[in-house]
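Please look over the sequence and the fold below.

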Amino acid sequence: MRILKTFILRNSRCNGGRNCSISPLIIIVLIFMLFPQTIGLCQESNSEYYHDGPYIFWETDTSATVFYLCDEELKKESIPVSETLRFVGFCSDTSSDYVIAADSPQIQPDIFDDVSKIMAISDIHGEYDLFEDILIKGGAIDNELNWIWGDGHLVIVGDVFDRGAMVTECLWLIYRLESEARKFGGAVHYILGNHEMMVLRGDNRYVHEKYLEGIVKKSRIKHEDLYSPDMELGRWLRSKHLVVIINDIVFVHGGLSRFVIDRGLTTQQINDKIRIVIDQSSARLAFDDFSRFLLGSKGPLWYRGYHYEMEGKYSMETSEDIDKILVYFNADAIVVGHTEADSLMAHFNNRIFSIDIPMDELGSLEALFWENGVFYRIDYRGNKKRLK
């Protein structure tokens, strides 16, 4: 349905997606896609729907089990490990080579200076095709999905998880690009969003049924335990930050509020604490004010005060509030996802950049691009429009 909507939006005669007149060609395509049984076409098979993986369980430092859901059957292989775990994908990814370090991922710095160029994307929500497309159009990867962006920095501003049916594919693409970028002097920063924290802490209310009805049922592993500390993706996610600052630009999923300043919090304190919060018990969480703040509506994961007020919780930030926040963090601008905007946009006099866009309406993702002190929006065609 996502592909169908993109096709319609790009091939209809519209004004901003509204008051559209649809061509006869699109009507024919609609009939074929929505009612294939009436014209002798086969609907998507369940076996394709339930491909998922790989997942890697670290049994010991020298042995790992790799498993998939493949054609609705659980397939697994125990693989010996030396300094690295190496295997070739054995489900729908048979052309993919995986090289995984035996040591846990290292926690990277959260502040960077003198970066030549930056691209930021947010709220992918398992929409792998749209994610891949904007990375190609933005020039970060080539058509073979290889990193071609040299020493540039790519920032994923949270919410890769939930809603969509290709979360695993998105995670492994980010995982691989992170390693490739490092070889060229670049970097990939995956910032934790509220949906990452929901999944890691066992809140599955927005998880696509593919996972709960597929890999979870077949493996008898709870969904959150697919990302536990003894799973490769789980230990990788536990190395990530809530806040990263690059060239005096703050990247955070929800936002940094005046309440962060009131608590006197630093980025290091926030980032160190969230890695503890991931595995905190509900009892310890109940008596840990700092943890509850990070997971609450005023914390970096859920805050929406740059966009509107939350009745009974907080008012919308003022221009003066934004000034104070930027001065406190010694920053020039803040980039956020989480709260959907009509399009990727700048507000508060080009100090706040909102990059969570309505994929359903636009049929694509957009990316924020920064170079030589100038911000741009990259659309699905790869066009760059200056924002600042």
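Are C70 and C91 buried or exposed? Both C70 and C91 are buried. Here buried means under 20% relative accessible area, exposed means over 50%, and partly exposed lies in between (1.4 Å probe, protein chains only).

This is a predicted model, in which local features need pLDDT of at least 70, side-chain atom pairs count only at pLDDT 80 or more, and totals for chains, interfaces and linings use all residues. Residues are numbered from 1 along each chain as its sequence is written, and side-chain values use heavy atoms, with hydrogens and water left out.

**Disulfide**

The structure holds 1 disulfide (a pair of cysteine sulfur atoms within 2.5 Å). C70 and C91 form it, with their sulfur atoms 2.2 Å apart. The pair links distant parts of the chain, 21 residues apart. C70 sits in strand 4 (residues 63–70), and C91 in the loop between strand 6 (84–88) and strand 7 (97–101). Helices (H or I, at least four residues) and strands (E, at least two) are DSSP runs, numbered from the N terminus. The link of C70 and C91 is right-handed, with 110 degrees about the S-S bond. Another cysteine, C170, counts as buried because its relative accessibility is 0%.

**Salt bridges**

A salt bridge is a side-chain nitrogen of Lys or Arg within 4 Å of a carboxyl oxygen of Asp or Glu. By this rule the count comes to 17 salt bridges.

| Salt bridge | Closest N to O | Relative accessible area |
|---|---|---|
| K210 and E169 | 3.9 Å | K210 6%; E169 23% |
| R238 and D279 | 2.8 Å | R238 12%; D279 46% |

K210 forms a salt bridge with E169. K210 lies in helix 7 (residues 209–213) and E169 in helix 5 (residues 167–183), so the pair ties together parts that are 41 residues apart in sequence. K210 counts as buried, whereas E169 counts as partly exposed.

R238 pairs with D279 in a salt bridge. R238 lies in the loop between helix 9 (232–237) and strand 12 (243–246), and D279 in the loop between helix 11 (267–277) and helix 12 (282–286), so this pair also joins parts 41 residues apart in sequence. R238 counts as buried, and D279 as partly exposed.

**Sheet and helices**

Which order do the 6 strands of the open sheet follow? The order is 11-10-9-17-18-19, and the pairing is mixed. Two strands pair if DSSP finds at least two bridges between them. Strand 11 (187–190) and strand 19 (384–386) stand at the edges with a single partner strand each, so one side of each has no neighbour in the sheet. Neighbouring strands are turned by 25 degrees against each other on average, direction ignored.

Strand 9 (residues 117–121) and strand 17 (residues 367–371) run antiparallel, joined by 4 bridges. A120 stands opposite L368 in strand 17.

Helix 4 (residues 128–138) lies across strand 9, strand 10 (153–156), strand 17 and strand 18 (374–378). Helix 4 runs at about 160 degrees to strand 9. Axes are lines fitted to C-alpha atoms, for helices over the stretch in contact, and angles run from 0 to 180 degrees between N-to-C directions. Helix 5 lies across strand 10 and strand 11, at about 145 degrees to strand 11.

T168 is found in helix 5. T168 is buried because its relative accessible area is 1%. Leaving aside neighbours within four places in sequence, T168 is in contact (heavy atoms within 4.5 Å) with D52, G53, P54, Y55 and Y211.
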